[in-house]
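Got your viewer open and a selection box ready? Let's take a walk through this one, stop by stop.

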Amino acid sequence: MTTLSSIKLIKKIWLIAANEWQYWLRSHLSLGATGIFLVLILTTSFLTTAHMDSENHLRSHQQSEAEETFLSQPDRHPHRMVHYGHYLFRTPAPLAIFDPGLDPVTGQAIFLEGHHQNSVMFAESTASADLGGLSWLNPALVYQLFAPLVLLLVGHSSVVREREAAGLLPLLALGISPHTLVFGKALALLLFSLLLLIPLLISSTMAFMSGESSMTLLLLFLNYAIYIAIWVVLTLLVSIAFTKRSTVLAAMTGLWFSFSLVLPSIAVSITADTVPVAGKIETDLAMLSSLRKLGDGHNANDPAFQQLRADVLKKYNVERIEDLPVNFRGIVAMEGEQKLTKVLNEFANLRMAAELSQTEHLADYGWLTPMLAITVISRTLAGTDLAHYHRFQREAEAVRLAFVQGLNRAHIETLSYEDDINRNKNEDAWQRARVDAANWQVLDAFQFNTASLTERINSASPSIRILLAWLIALLGLLLWSCKRVMP
Amino acid sequence: MSYFNALIREVKFTAHDRSVRLWFALIFILSTIAVGFGLIEVERQNTTINALIKTNQQERILESEKLKDWGSSAYYNFHLTYDRPSDFAYAAMGQRDVQPWKHRIRLLALESQIYERDVGNPSIALVGRFDFAFLAAFIMPLVLIMLLYDLKTSEKAAGRHHLLEATAGRPFSFWFLRAAIRVAGLFLCLIVPLIVTGIMAETAISTLLLACLFIFAYILFWAALCFIISAWQKPGSLILMTLIAIWVSTSVILPAGARLMIDQSVSLPSGSDILMLQRETVNDAWDLPREVTMEAFFEHHPEWSSYEPIKSSFEWQWYYAFQQVGDQQTEPLSTAYQEGRLRRNGIATWVSLIAPPSLLERTLQSLANTDLKASIRYEKEVRAYHAALRAFYYPKFFHNEPFDAALLEKLPTFESILH
């Protein structure tokens, strides 16, 4: 093909696209649908941003309050502080203003104490007015659910309209090939999609200002663009396949609610049935028999610590516990906590791995509907997916172990064994069995952050591949079906 | 007789329409899938509960050697509470994916235990299961719209409209009949799997009838809406878009806006405030003179005020008294939290009157005992059970009764609270 003819071709494609835009601009329907979509996405973006912002402030405030409370505790027996415990709050990721993801259905606060791993409590959905699953509207959901709807309302007629108005024959007679016609319509719709994506840029800018990397935002934008492009191609395909405009619209509407509403929840039902996950109580009960073997860290005479006793005595070369330069009860507490934590983590990891594999199984149903693929990608990139919820639980566990063992160290090093065992004798003894409040500084300030971009891309990549496969397969189908564009 | 003939003719006509058959089949299959999965899930939850009851019992036997006195018995004995799915839960799983339906509690302060959540994978809860309530409330109207929007316009486009109206005699009753047959067919395809499953699951007949009645009323509402709007002298695509716009407003936009406004206008105490206050009270007790705690305790439980403290370094009586005082201190906050949730729910009931899909879903959930009210009812049962456990132990603590492990057989069971 010569340069001249390819320029001519591009010109023709642009002309068709421009014609399509002119048609939309004259159509009240197209204008109305687009207008409503833009108002909806802007309102939702604004409300979600405001809500997540206030949640962020509230939880950060609660976090610093919890830290202050812990640090301002008076002199005490260190083990009292182990049970006094500490709270962590899960602050939302910067991109939660666009896709809050699991935030409303997962707990926000966790109580950390010695010897236990508690569950994360107080999810927003537990306390909110329940008006159905779709009432949790957010910008991401508006894009996933309504961008395809607007696209099919605006674009369904693109090819079938020409056919119905008997406009195909003259067009083809003018030397415009079916491919050129379809490319022109596709170009028009793709430009229209970009218009729909502008509000995403606004949310992205806000997230950028709260510290999200531009690379993440670019990826997020690209994936939504691919998702919408999939619907552009679908719309064109259906518009080519049928001869009546109302049939096209009906078929597209059917596809829309099957893909966006029916199939994702059917996939959830199948997954919940075929890959069940044991709950926390079930796991806890299964864990108890492993825990029984460990011995009670409160009891220095527990037979489980005989070996430890012998080792410590040997290390300091003394005969009796009382002669040790350190507090043996603290050593037992530390050893007990260490062993216990190992078991707790083993079972917690098993539970999280099971949840993760269930979620990955669910993501595989992206092959059934691109809606599932984009929701997974969106949540993962935004840092509001299951992996991040687990990340919070793991970080919380690290904080728990660190401060408990820090306190146990103070127990070992700064509290004399004699004061310790006599603490319940009388008021004076009780007062003596304390350590200085300066020891509470074992607590570090906590701030929950999202995983690195590489990590997020890694966990999103199976779904990104699925989404790309959808686009490529549908594009192939479109190229093939261009020959059907016959009057 | 001619009316009957017309009916037969229309039924035959409908049965021969391929797209109508397709939509009917789709709804029938989806309904079957929905109740099928519902039934499996109900089964699974029941199995889980039974297994937990058994394991918890075994666990208590294994721990029994730790029990040396009433205090340690109360400390080491964990009790399982649960909320079994109702006989209609297969149709509407409702809140059961976000609200806990099992708790393991012991005699320590209840406020530190009751907000623990054992609710499974949040990814599952977020997307939501495909249950019958979702199908009936959100998907069915869309299918109905597809069936009814081009009743007239398609015949117009096919050039048969005038002919049909002329031969039918009374045009209105002709269109009405055609619409009625489609609505009736859709209704049957939707509820037959529901009823068959209901019979299998031994659901109360009254529940099934009520559910069918509500669904019927709901389907009539959408049918009337479609009928009115499709009477417009406008192209079919415009009618379809209008109907979809109504669906979007009532299923998504109105509920979303209402939820935000309700949450905004009814404020709740923050959950973390409840927890922090509870912790402070319980922990402070270790540093306070024991009399202070005991006085606060006797204020609410004067019946034990004759108790004589034993002279010992550690006293279970005092330990459980400060656990209870912790609960007492948090009670106003915790009650406000519960009442606030109920108030939000109450307003949501009224608001859903203008959002029919939410209304139907909520109605089915309330029939199935899977709504917020049911989960708060369960929370109250857990509280009642905890109170019953206290009522069992307190006489033993405060009358200094000698420990007798055989008496533990008489511990109240959670079942006894339910009846």
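**Stop 1: chain A, whole**

Keep in mind that this is a predicted model. Select chain A and colour it by secondary structure: you'll get 18 helices and 4 strands. Now line up the principal axes; the C-alpha atoms fill a box of roughly 105 × 50 × 40 Å. The radius of gyration is 31 Å, whereas a compact globule of 487 residues would come out near 23 Å. Even so, 57% of the residues in chain A are buried. Of the contacts in chain A between residues at least 6 apart in sequence, 81% join residues at least 24 apart.

**Stop 2**

Over all chains, the structure holds 36 salt bridges. For one of them, select Arg90(A) and Asp103(A), where the closest N and O atoms are 2.9 Å apart. Both sit in the loop between strand E1 (86–89) and strand E2 (107–113) of chain A, 13 residues apart. Are these two buried or exposed? Arg90(A) has 7% relative accessibility, so it counts as buried. Asp103(A) is buried as well, because its relative accessible area is 4% and the cut-off is under 20%.

**Stop 3: helix to helix in chain A**

Next, pick Glu162(A) and Lys185(A), whose side chains meet in a salt bridge at 2.8 Å, N to O. Glu162(A) is in helix H6 (residues 157–164) and Lys185(A) in helix H8 (residues 178–209), so the bridge ties together parts of chain A that are 23 residues apart in sequence. Both Glu162(A) and Lys185(A) are buried.

**Stop 4: helix to helix in chain B**

Hop over to chain B and show Asp263(B) with Arg344(B), a salt bridge at 3.7 Å, N to O. Which helices does this pair tie together? Asp263(B) lies in H10 (residues 236–265) and Arg344(B) in H13 (residues 316–351), so parts that are 81 residues apart in sequence are linked. Asp263(B) counts as buried at 16% relative accessibility, and Arg344(B) is buried at 8%.

Then select Asp273(A), Glu41(B), Arg44(B), Asp97(B) and Arg129(B) together: salt bridges with shared partners join them into one network. Zoom in on Asp273(A) and Arg44(B), whose closest N and O atoms are 2.7 Å apart.

**Stop 5: the interface**

80 residues of chain A are in contact with 82 of chain B. Between them the chains bury about 7500 Å², with 66% of that on carbon and sulfur atoms. Highlight Arg117(B), Arg259(B) and Arg279(B): these supply 10% of the area chain B buries against chain A, more than any other three residues.

How many salt bridges are there between chain B and chain A? The count is 3. Polar contacts across the interface come to 31 residue pairs, both residues at pLDDT 80 or more. On the chain B side, several elements each supply at least two residues, among them helix H2 (18–63), strand E2 (102–105) and helix H11 (271–284). Finally, colour the chain B side by residue type: you'll see 42 nonpolar, 20 polar and 20 charged.

Note on methods: Residues numbered from 1 in each chain as written. Chains lettered and ligands numbered in written order. Predicted model: local features only at pLDDT ≥ 70, side-chain atom pairs only at ≥ 80, totals over all residues. Heavy atoms only, no water. Salt bridge = Lys/Arg side-chain N within 4 Å of Asp/Glu carboxyl O. Buried < 20%, exposed > 50% of the residue type's maximum accessible area, 1.4 Å probe, protein only. Contact = heavy atoms within 4.5 Å. Buried area = accessible area lost by both parts, 1.4 Å probe. Polar contact = N/O pair within 3.5 Å; in protein donor to acceptor, adjacent residues only side chain to side chain. Nonpolar A, V, L, I, M, F, W, Y, C, P; charged D, E, K, R; others polar. Rg over C-alpha atoms; globule rule 2.2 N^0.38 Å.
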